[in-house]
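Walk through this model with the structure open beside the text.

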Amino acid sequence: MDTGGFDLGALSGMGAQVRRQIDAALGEADGILLVCDAQAGLLPADQLFADRLRRLGKPLWLVANKADRGGHPDADFLTVGGVRDCAAVSALHGRGIEVLLIAITRAFSLAPSDGAAPARTPAIAIVGRPNVGKSSLFNAILREERVIVSDEPNTTRDAVDTVVQVGGERVLLVDTAGLRHRRKVHEPVQFFAMARAVETIRRCEVALVVLDATQGFTQDDARLVSRVAAEGRGMVLLVNKWDLVRGGRAEEVPARAGEVIPFARFAPALAVSALTGFQVPRILPLALAVARNLRTAPDPAALEGVLQRAWRAQPPPRVRGRAVRLRSIAWRSGYPAQVELGVQPPQPLPRPYAQYLLRHVQALPETVGVPVEVRVRSRARRP
């Protein structure tokens, strides 16, 4: 867990929130890395912080960063007592990092394995435009103030990972920085925050796309939804700040979202409020259901049945006067998942007709939240 910079004199505002986050992280941590500035030397604040950390009784390492020329840490750092080791590293150049990691891993003994493969932990990312309430939802889901929330945009600048338990299942929940159009990025910190958010989308299984109920669906929202779908990740749409909507009916949100965002009809939509907690307990179970759909193929008989019925109800256009016949249907898991059709004669289907078939596929309960593509095999297999 990474934390903000500790300010001994911070009693209110952002500094006080950072201190609370640090206290929460220290309470959960099994070990602690106290990072100091090798170029500035050991400061009195470093010594005071080390004294406080030592009283926690947890393994403590002193890390002198910015030692860009290598070598050993300054002698002043070696005078700090109660630490397992004092390491000189350069995060910029990667010097000393491997040695530090080896020392850390050796300090923690792992329980013997029973030979079974560890269960895969689904990664669920919270993504959206700046100030739509991503961090507030993150805290509401966890029922604690894990990340700092502020009315000022760009408060979250890096992805924040937290492992939670949902019905006995481990889930990796990730809060991210706000995504915006490149033309609206003016500072280097915004650029790197966006790059980390995009990277998080690529490594997650399911993206919780947060929308602002008071602003409607914007062009930036459309770009984000398209990016998640293009990466083939599972998707859940969360219409946040529902407490500010007057006269709205939450049960109408899924149908309304399908009308406003037709290219994301496959994604379930939920009206939520991070402030009041409205429908927040439903978020992770819904995301886990989508993750399970990503990992398992639909029932082959159900998939074939729905496509055969759609094909008979509305056949594709003829090719040079010949009727196109559906010979085989196969599900290919991946990012995105694909429905592979064998047709005779082997020829790509018109895009509108492929979309017609896709709508029938997405009506299956096993494909809820899963982006799917319909494609034709280049050569049809023999029946």
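Glu252 is partly exposed, with a relative accessible area of 44%. This is a predicted model. Glu252 makes a salt bridge with Arg249, and the closest N and O atoms are 3.2 Å apart. Arg249 has another partner: its salt bridge with Glu251 brings the closest N and O atoms to 2.6 Å. Arg249 counts as partly exposed because its relative accessibility is 47%. Glu251 has a relative accessible area of 53%, so it is exposed. Side chains of opposite charge can pair when their charged atoms come close.

The salt bridges number 14 in total. Another of them joins the side chains of Glu340 and Arg375, at 2.6 Å from N to O. Which parts of the chain does this pair tie together? Glu340 sits in strand β11 (residues 337-344) and Arg375 in strand β12 (residues 372-376), so the bridge connects parts 35 residues apart in sequence. What joins Arg332, Glu340, Arg375 and Arg377 into one network? Salt bridges that share partners do.

Is Glu340 buried or exposed? Glu340 is buried, with a relative accessible area of 8%. The cut-off for buried is under 20%. Arg375 is partly exposed, with a relative accessible area of 33%.

Now turn to charges on the surface. Arg320, Arg322, Arg325 and Arg327 gather there in a patch of positive charge. Residues in such a patch have no salt bridge. Take Arg322 as one of the four. Arg322 lies in the loop between α9 (300-313) and β10 (325-332). Its relative accessibility is 46%, so Arg322 counts as partly exposed.

Next, the aromatic rings. How many aromatic pairs are there? The count comes to two. Trp311 and Tyr353 form an edge-to-face pair, with 5.6 Å centre to centre and 85° between the planes. This pair links distant parts of the chain. Trp311 is in helix α9, Tyr353 is in helix α10 (residues 351-361), and the two are 42 residues apart. Trp311 and Tyr353 are both buried.

Tyr353 also pairs with Tyr356. Their ring centres are 5.4 Å apart and their planes stand at 40°, so this pair is tilted. Tyr353 and Tyr356 share helix α10, where they are three residues apart, about one turn of the helix. Tyr353 has 5% relative accessibility, so it counts as buried. Tyr356 is buried too, with a relative accessible area of 10%.

The backbone holds several details to inspect. Most residues other than glycine have a negative phi, and most peptide bonds are trans. Against that background, look at Lys66. Lys66 is not a glycine, yet its phi is positive, at about 70°. Where does Lys66 lie? It lies in the loop between β2 (60-65) and β3 (85-88). At 41% relative accessibility, Lys66 counts as partly exposed.

Gln279 also has a positive phi without being a glycine, here about 60°. Its place is the loop between β9 (269-271) and α8 (283-295). Is Gln279 buried or exposed? With a relative accessible area of 18%, Gln279 is buried.

Prolines come next. The peptide bond from Tyr335 to Pro336 is cis, with omega near 0°. Pro336 is found in the loop between β10 and β11. Gln344 and Pro345 are also joined by a cis peptide bond, with omega about 0°. Pro345 lies in the loop between β11 and α10.

Pro365 sits in the loop between α10 and β12. Its relative accessible area is 59%, so Pro365 is exposed. The C-alpha atoms of Pro365 and Pro298 are separated by 8.4 Å, although these residues are 67 apart along the chain.

Notes:
Residues numbered from 1 in each chain as written. Predicted model: local features only at pLDDT ≥ 70, side-chain atom pairs only at ≥ 80, totals over all residues. Heavy atoms only, no water. Patch = residues over 30% accessible without salt bridge, like charges linked within 9 Å, V, L, I, M, F, W, Y side chains within 5 Å. Areas by Shrake-Rupley, 256 points an atom, 1.4 Å probe, with all protein chains shown as cover. Lys, Arg positive; Asp, Glu negative; His and termini not counted. Charge placed at Lys NZ, Arg CZ, Asp CG, Glu CD. Helix = DSSP H or I, 4+ residues; strand = E, 2+ residues; numbered from the N terminus. Buried < 20%, exposed > 50% of the residue type's maximum accessible area, 1.4 Å probe, protein only. Phe/Tyr/Trp six-rings, centres within 6.5 Å; stacked < 30°, edge-to-face > 60°.
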